[in-house]
Amino acid sequence: MTAIPGIDPAAPPSGTGCVECDAAGGWWVHLRRCAQCGHIGCCDTSPSQHASAHAAAVGHPIVRSFEPGEDWFWSFETEDYYSGGPKLAPPEHHPVSQPVPGPAGRVPADWRSHLN
């Protein structure tokens, strides 16, 4: 198999939620997984946008959805979606029992008013 720059299929995810939101007691709308190092961050719809911040800070250009039933990739460099990319190390999504937005107990009742 030919290596794809920005994607390491062997890199496991960093956890089941956004690394920075979990550390700060925050919450997210959807999760994205860095396809190069496995960092889990929150999407750009989320209040803190940690996935794109990670990509900008470390230069990892591609994320994959970390949502159940989604297998698309996004390139920050080309601003394009891709499907049919390589299978990544498991798990491929957060636990199905984890609500969206999440995590349970940290999402404010008026969460929609906090979005960009």
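Colleague: Which residues form one aromatic cluster here?

Modeller: The cluster is formed by W72, W74 and Y81. Please bear in mind that this is a predicted model, where local features need pLDDT of at least 70 and side-chain atom pairs count only at pLDDT 80 or more, while totals for chains, interfaces and linings use all residues. Residues are numbered from 1 along each chain as its sequence is written, and side-chain values use heavy atoms, leaving out hydrogens and water.

Colleague: How many aromatic pairs does the rule give?

Modeller: Three. Rings of Phe, Tyr and Trp (its six-membered ring) pair if their centres lie within 6.5 Å; planes under 30 degrees apart are stacked, over 60 edge-to-face, and the rest tilted.

Colleague: Why is the pair of W27 and W111 called edge-to-face?

Modeller: Their ring centres are 6.5 Å apart and their planes stand at 80°, so the pair is edge-to-face.

Colleague: What makes W27 buried or exposed?

Modeller: Buried means under 20% relative accessible area, exposed over 50%, partly exposed in between (1.4 Å probe, protein chains only). W27 has 10%, so it is buried, and W111, at 19%, counts as buried too.

Colleague: And how do you classify Y81, buried or exposed?

Modeller: Y81 reaches 56% relative accessibility, so it counts as exposed.

Colleague: How do you know that strand 4 pairs with strand 5?

Modeller: Strands (E, at least two residues) are DSSP runs, numbered from the N terminus, and two strands pair if DSSP finds at least two bridges between them. Strand 4 (residues 73-75) and strand 5 have three bridges and run antiparallel, so they pair.

Definitions and conventions:
Helix = DSSP H or I, 4+ residues; strand = E, 2+ residues; numbered from the N terminus.
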